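I am opening a notebook on a structure that is new to me. The entries below follow the order in which I looked things up.

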Amino acid sequence: MVDVPAPPLRPWADLDTDLVSCIGDCCAPRDYASCRAVCVAWRSALPPLLSLPLAVLPADAAAGHPAVSVAACFLRARRWSRLPGLRCPTALVGDAAASCRCVGARDGWIALVAAAAADGGALLFNPFTGAQIKLQASLYDPTREEAPKVVFSPDPTPHDFAAVSVTRPNRIAVQRAADGYSDSVVKYTNHLMDGADLVDVAYGGGGGDGKVYCLAKGGEVYVLRLKRRRRRGAPWLPALEVGPLHRAPLGADAFPAPYNVISQHTDAKNLLLYDGALYQVWRRPNGAGSVTVDAPAAGGKRWVRISEGEVFVLRYEPGRWPRWAVAEGKELGGNAVFVGINDAAVVRGEGVSANSVYYWDSPPEGGHEPVVFNMATRASVRWPAVATGGTSSSPVWYFLPAATDEETTSEEAACPEYDDEHSAADM
């Protein structure tokens, strides 16, 4: 009998890319980083979590997910996978956890609301650390079917943060905590913002003493200036200051033709703060159909056609008039922009398209589906459907904060060819 030698064992680096990707699916975030450090081939097959767009998925008790969880989109495999090993909010249990929805995200934190919670069930939560900050009930109106949008200051702590919510199109709520004090205020837009119906809000930074930009349905922008609560004995200052971003001369349009007409037919609008500049992202939503309207008299065309799903990006130019100018794809600097019920994220990384806008669409079967619009080709392409039913419960993009020096050093030591060109930054 002749002994047949066993085939030589293939090195780990020769594993099929899809198989390596499946291994990454089973890893908690900390273990995932270790998998990327096995070898150059594995690092190439597993993109860093920092550059991966994440989605917030609903609770699914039948599948063993009793609370909201986070899923990453692995583009090579064209699928979304829930990240294991994350924390659950202890403030929301039982029915409250099952009815929980995500209504905001930035810097590794998410904003959650639960209609089933007796006290309104609104909180800020970090699923990676388990930290949570209870929000006051005024930031959430449980009588509305539409989820509100909650934006909040960078790196919040229970004793130092600010949160702003558009509870209704004509009502905003603000909660601030600083110096051991916490207060909240609810304001209507009737007098503060000329009766505007708000469609988006973006936190401009500055911690508890910062600016919040409010976007009206017609494209008007108002600035909400937050003031920290002053210590006893300090001079009195108003808690909030509100005013328009700019005032147009009598009879003038804020947008160049034909965008002064397009603004009236693009109901889906978002604000974007990037590289010190303010942008608006307009979209003709799914289901609205395409429309052809008369062009403004000052333009060179008789009609303007706005296709369903078409995206327009405008940049605020304070030194010129009209104040808003059409943005070209190159102005995004090769980055991808992610808009939704979150502070818009600007991302450069593996697996995302340069100079593109990613947004959430609403398919006829319900839920939300990710779509990418390329500013160069002017075409939209649907992304892989989110797992567990094909759609996400909330149109929220979620990214991890920038890696710490300790985490970067650990991966560099394990994989010398490591480079940090992939990163994400929430604005």
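**Aromatic rings**

I began with the rings and found that Phe338, Tyr358, Trp360, Trp397 and Phe399 form one aromatic cluster. For pairing, I took rings of Phe, Tyr and Trp (its six-membered ring) with centres within 6.5 Å; planes under 30 degrees apart count as stacked, over 60 as edge-to-face and the rest as tilted.

I note here that the model is predicted, that local features need pLDDT of at least 70 and side-chain atom pairs pLDDT 80 or more, while totals for chains, interfaces and linings use all residues. Residues are numbered from 1 along each chain as its sequence is written, and side-chain values use heavy atoms, with hydrogens and water left out.

By the pairing rule I get 9 aromatic pairs. One of them joins phenylalanine 255 and tryptophan 324, tilted, with 6.3 Å from centre to centre and 35 degrees between the planes. This pair links distant parts of the chain, since phenylalanine 255 is in the loop between β15 and α6, tryptophan 324 is in strand β21, and they are 69 residues apart. I used DSSP runs for helices (H or I, at least four residues) and strands (E, at least two), numbered from the N terminus.

Are these two residues buried or exposed? Buried means under 20% relative accessible area, exposed over 50%, and partly exposed in between, with a 1.4 Å probe and protein chains only. Phenylalanine 255 has 7% and is buried; tryptophan 324 has 1% and is buried too.

Next I looked at phenylalanine 338 and tyrosine 358, whose ring centres are 4.3 Å apart with planes at 15 degrees, so the pair is stacked. Phenylalanine 338 belongs to strand β22 (residues 336-340) and tyrosine 358 to strand β24, 20 residues apart. Both residues are buried.

**Nonpolar cores**

A nonpolar core is a set of buried Ala, Val, Leu, Ile, Met, Phe, Trp, Tyr and Cys residues joined through side-chain atoms within 4.5 Å. The largest core has 46 residues, and Leu54, Ile110, Leu112, Leu124, Leu135 and Tyr398 touch the most other members. Which strand gives this core its largest share? I found strand β5 (residues 109-114), with 6 residues.

Another core, of 23 residues, lies apart from the largest one and has Leu271, Leu278, Val293 and Tyr316 among its members.

**Backbone**

Most residues other than glycine have a negative phi, and most peptide bonds are trans. I looked for departures. Alanine 257 and proline 258 are joined by a cis peptide bond, with omega about 5 degrees; proline 258 is in the loop between β15 (240-244) and α6 (259-262). The bond from tryptophan 321 to proline 322 is also cis, with omega near 0 degrees, and proline 322 is in the loop between β20 (311-316) and β21 (324-326).

Aspartate 194, not a glycine, has a positive phi of about 55 degrees. Aspartate 194 lies in the loop between α5 (189-192) and β12 (198-203) and is exposed at 59% relative accessibility.

**Whole chain**

Last, I noted that the chain has 7 helices and 28 strands. Buried residues make up 50% of its 427 residues.
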